[in-house]
Amino acid sequence: GLRYLALDQAGRCFGSKAVETLLNPHHLRKHLATDNQQQQPTIPLFALSIGGAYLLRDADASKLIAALSPTLQSLAWKACPLLGLEMCKAISSVFGQPKHTLLEFSLEDMTLSRESWEALAGQKDDKPAASSNSSSGWQCNLKSLSLKRVMGLQDDIVISILSGAPNLEHLDLSDNHELTDACFGPLRSIHAYSTLSSSPLRTLHLSNLKQLSSIGLVTLFTHGLEGMGPPPQLKVLSLNHLDAQA
């Protein structure tokens, strides 16, 4: 009956053996019918948050995502250095299916290669997916997205992800020093892909983004700009540690 599993500073406690236990719980495995091995039960987790698991392998995280996808709706990885391409591919492919729904996704204190980011964003050959605003992407049901202190994150990746997330209510892009004003574009156009008249975004954290400019912020929040949708109607806005001119 376990529904929420949050382990911060997991260290060596969450590795291959822990993943195997979640995939094949011993107390359930003994009741399996010998002729029905393809339908092994897994723990019906709704939310999984793992931090500091420095022994957690990329392939194991990928298997875990695939196995838990029927019930998993909230996923967070923090400071898990071995995760990368396989994990990103699993999220994109598994939650890109209509029968699986991911509502919350968080990466923090991670380093991903360009190939990994492209796999997560649905990019190929440095170009956005042909239907970036499609309702079939893994991010189409996202309510909350946090990409905080994740090395390698660039504007085009953020644009690709946000363009396919019309239902986003919470966004945290803090502490990513490569991001510029360009990544704001989807926040003004996302309403076009939503059933709402304006963006549903209510919480926005942009702390410590040193390349943001005053022009970018004015463009994001000014009403009545030709060719752009309405600015987001925020309840929470964090702009800590920006450049003084911004």
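**Overall picture**

Of the contacts in the chain with a separation of 6 or more, 80% are between residues 24 or more positions apart; contact here means heavy atoms within 4.5 Å. Before going on: this is a predicted model, in which local features need pLDDT of at least 70 and side-chain atom pairs count only at pLDDT 80 or more, while totals for chains, interfaces and linings use all residues. Residues are numbered from 1 along each chain as its sequence is written, and side-chain values use heavy atoms, with hydrogens and water left out.

The chain has 246 residues, and 46% of them are buried. Buried means under 20% relative accessible area, exposed means over 50%, and partly exposed is in between, with a 1.4 Å probe and protein chains only. The secondary structure comes to eight helices and eight strands. Both are DSSP runs numbered from the N terminus: helices are H or I with at least four residues, strands are E with at least two.

**The sheet**

What is the order of the strands in the open sheet? It runs β1-β2-β3-β4-β5-β6-β7-β8, with parallel pairing. Two strands pair if DSSP finds at least two bridges between them. At the edges stand β1 (4–7) and β8 (236–238); each has a single partner strand, so one side of each lacks a neighbour in the sheet. From one strand to the next, the twist averages 5°. For angles, axes are lines fitted to C-alpha atoms, for helices over the stretch in contact, and the angles run from 0 to 180 degrees between N-to-C directions.

**Two helices together**

Helix α4 (residues 85–94) packs against helix α5 (residues 114–121) at an angle of about 10°, and their axes are 8 Å apart. That makes α4 roughly parallel to α5, a label for angles under 35 degrees. On the α4 side, the residues in contact are Leu-85, Cys-88, Lys-89, Ile-91 and Ser-92; on the α5 side, they are Glu-115, Ser-116, Ala-119 and Leu-120.

**Helix α8**

Which residues of α8 (residues 214–221) are buried? They are Gly-216, Leu-217 and Leu-220. These cover an arc of only 95° around the axis, so they lie on the same side of α8; the arc is that of the directions from the helix axis to the C-beta atoms. On the other side of α8, Ile-215 and Val-218 are exposed. The cover over the buried residues of α8 includes α7 (185–189) and β7 (203–205).

Key:
Angles under 35 degrees count as roughly parallel, over 145 as roughly antiparallel, 65 to 115 as roughly perpendicular and the rest as oblique.
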